[in-house]
Amino acid sequence: MKRIALCISAMSVATAGFCGVGQYSDATICYIYKQDTLQKKLTCRYDVVEGAAMSYSFRQVSYTLPGFGKMATSNQANYNDRNEVTGWTTTVNDEPAIIRYRAPSSKKVVSQTYAESGKEVLQCYLSTTSQWEICSE
């Protein structure tokens, strides 16, 4: 019985060494779109919780939008033993969503290739159901 308890304790410590979670809060400028039309630009607060383990990672952001309410975004990814993504889920207010990018000056949608080129972009979460979108600086 002592060996089983020792084994379980050792596994718990070993598993805990491969994961981490962090959280933080701040303020920024948010842009709210509905069907590609800007509805509101405002200063907003956000709370972030993010973490990862050997085969899973997540990031959840809750935005407080004065005079508008709240919006929440979430990303979750699963990985295999070769660290390849095997599944990905993105949501806005628990609705299926995609991540896309906008140019900061024109607010026009730009490609992922443009975003990966190192140029400044706004990262946006677009609900594929309701067409609500939130972008933040």
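Over the ring of which residue does the charged end of Arg102 sit? In this predicted model, the ring belongs to Tyr33, and the charged end of Arg102 lies 3.8 Å from its centre.

Next comes strand β7 (residues 109–110), which pairs with β6 in the antiparallel sense over 2 bridges. Tyr101 faces its opposite number in β7, Val110. This hairpin, of β6 and β7, has 6 residues between the strands, and Lys107 is the residue there with a positive phi, near 65 degrees. Strand β6 also has strand β8 (residues 122–127) as an antiparallel partner, with 6 bridges joining the two. In that pairing, Ile98 stands opposite Leu126 in β8.

Back in strand β5, Thr90 deserves a look of its own. With a relative accessible area of 7%, Thr90 falls under the 20% limit and so counts as buried. Its side chain makes a polar contact of 2.7 Å with the side chain of Trp88, and another, of 3.3 Å, with that of Asn75. Setting aside neighbours within four places in sequence, the residues in contact with Thr90 include Ser74, Glu95, Ala97, Ile99 and Tyr125.

Then there are the aromatic rings. Searching the whole structure turns up 3 aromatic pairs. One of them is Tyr46 with Tyr63: the ring centres are 6.2 Å apart and the planes meet at 50 degrees, so this pair is tilted. It ties together distant parts of the chain, since Tyr46 sits in strand β2 (residues 37–53) and Tyr63 in strand β3 (residues 56–65), 17 residues apart. Both Tyr46 and Tyr63 are buried.

Phe68 and Trp132 form another pair, with ring centres 5.5 Å apart and planes at 75 degrees, so this one is edge-to-face. It too links distant parts of the chain, with Phe68 in the loop between β3 and β4 and Trp132 in strand β9 (residues 132–136), 64 residues apart.

Note on methods:
Residues numbered from 1 in each chain as written. Predicted model: local features only at pLDDT ≥ 70, side-chain atom pairs only at ≥ 80, totals over all residues. Heavy atoms only, no water. Pairing = 2+ DSSP bridges. Helix = DSSP H or I, 4+ residues; strand = E, 2+ residues; numbered from the N terminus. Buried < 20%, exposed > 50% of the residue type's maximum accessible area, 1.4 Å probe, protein only. Polar contact = N/O pair within 3.5 Å; in protein donor to acceptor, adjacent residues only side chain to side chain. Contact = heavy atoms within 4.5 Å. Phe/Tyr/Trp six-rings, centres within 6.5 Å; stacked < 30°, edge-to-face > 60°. Lys NZ or Arg CZ within 6 Å of the ring centre and 35° of its normal.
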